[in-house]
Amino acid sequence: MTIRIPGVKTAVTGMDLSGTPINESHARLPPLQGAFRLGNRNRSMGAEHAPRNPHLAPRPLSQRERGDLRVAGATFTVMLMFLVLSLSISPCQAEDTTPPAQVQDAEARAIVEKADLVRFPAEGFQVDVGITSTQSGETLESRKYRVLSKGNSNTVVMVTEPASERGQIMLMKGRDLWVFMPDVSQPIRIALSQRLTGQVANGDLARANFAADYNPTLLRSEKIGNDNYHVLELIAVDRSVTYQRVVYWVRQKDNWPFKAEFYSLSNRLLKSCKYENYQTMEGRPRPTRLVMEDALKSGEQSVLEYKNMKLRDLPDKVFTKDYLKKLD
């Protein structure tokens with residue numbers, strides 16, 4: 001096979017595997033063009049290093065080639081300036097721009113915090129709670145409690161009825177919960193998720209601090225009747241809280257809790273709760289009736305009714321093990 005190269009007078013009729021021409025006639029290559037010439041470098045190296053092939057000798061750049069070089073240099077300079085400018089601006093933009101997910105999480109947390117304040121005051125307060133548990137409309141048991149709470153993290157729950165259980169007291173500090181029994185010398189550690197009565201867990205009565213116990217995410221908006229609601233997903237901060245996941249409906253116009261669904265660690269629906277009968281207590285409307293329905297056993301529910309709420313100055317010593325016997 002014969003290969004002809006443009007500008008080469010002698011054809012190469014064959015090559016071995018290393019690329020060397022098989023016949024002894026060598027192709028005459030044209031001089032190198034453009035910016036890749038070796039002339040300037042060879043002059044600085046001295047004559048002893050100059051290329052032996054006369055066709056590699058340097059030649060002056062044409063006017064067109066010099067123009068092309070000037071255009072290329074100007075283009076490179078503009079690109080370099082643009083790159084430097086971009087790098088200098090980007091950090092400022094990063095500081096001023098908040099990722100959408102973080103903005104949404106902050107909004108969700110603000111909604112939950114406001115809903116918590118609707119349910120209970122941030123100050124120290126006292127409230128009486130009656131719980132009636134029914135099955136298919138038939139009353140199973142009724143119990144009454146007095147709750148003393150301060151800042152949603154310190155709570156004392158005292159049994160007032162039935163009389164046979166009066167004197168039993170629960171103490172919550174943070175997420176630690178103990179029960180004190182009249183005939184037992186030492187307090188017993190219990191879990192917030194443990195059943196108190198009916199469909200009510202210890203944490204439902206002793207701790208109502210969704211903002212501190214859960215990481216909220218705003219899922220969507222939903223219209224129910226004539227009102228629009230935020231629908232939030234609350235994921236437990238750890239396994240010590242009452243429920244591992246909550247789906248929470250909060251009315252948009254006033255942050256009133258409407259309903260909630262409570263899920264287990266395996267994402268199984270355990271129960272649902274409706275916040276009803278809003279009445280003014282200590283300066284603002286609050287839900288005075290909570291209806292908790294068992295999602296696993298049809299027809300079983302517990303109704304919590306709140307009354308006689310009043311603000312109280314509760315010193316920290318009230319929420320200690322040694323002080324509980326002095327409570328009235």
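Arg289 is partly exposed, at 28% relative accessible area. Here buried means under 20% relative accessible area, exposed over 50%, and partly exposed in between (1.4 Å probe, protein chains only). The partner of Arg289 is Glu305, and the two side chains meet in a salt bridge at 3.9 Å, N to O. This pair links distant parts of the chain: Arg289 sits in strand β14 (residues 284–294) and Glu305 in strand β15 (residues 300–311), 16 residues apart. Glu305 is also partly exposed, with a relative accessible area of 44%. Strands are DSSP runs (E, at least two residues), numbered from the N terminus.

The model is predicted: local features need pLDDT of at least 70, side-chain atom pairs count only at pLDDT 80 or more, and totals for chains, interfaces and linings use all residues. Residues are numbered from 1 along each chain as its sequence is written, and side-chain values use heavy atoms, with hydrogens and water left out.

**Salt bridges**

A salt bridge is a side-chain nitrogen of Lys or Arg within 4 Å of a carboxyl oxygen of Asp or Glu. By this rule the count is 17. Two further pairs are worth a look.

| Pair | N to O distance |
|---|---|
| Glu222 and Arg220 | 3.2 Å |
| Arg251 and Asp227 | 3.3 Å |

Arg251 counts as buried, at 14% relative accessibility. Asp227 is buried too, with a relative accessible area of 19%.

Next, the pair of Glu222 and Arg220. Glu222 is partly exposed, at 23% relative accessibility. Arg220 is partly exposed, at 40%.

Salt bridges also join into a network, which links Glu141, Arg143, Glu165 and Arg195.

**Largest pocket**

A pocket is found on a 1 Å grid over the protein atoms alone: an open set of points where a 1.4 Å probe fits, with protein on both sides within 12 Å along at least five of seven lines. The largest pocket has a volume of about 290 Å³. That volume is the space filled by probe spheres set on the points, with grid points joined across faces, edges and corners.

The largest pocket is lined by 13 residues, where a lining residue has an atom within 4 Å of a point. Nearest its centre lie Phe180, Met181, Val184, Ser185 and Lys325. By class, the lining has 7 nonpolar, 3 polar and 3 charged residues. Nonpolar covers Ala, Val, Leu, Ile, Met, Phe, Trp, Tyr, Cys and Pro; charged covers Asp, Glu, Lys and Arg; the others, Gly among them, are polar.

Methods. Helix = DSSP H or I, 4+ residues; strand = E, 2+ residues; numbered from the N terminus.
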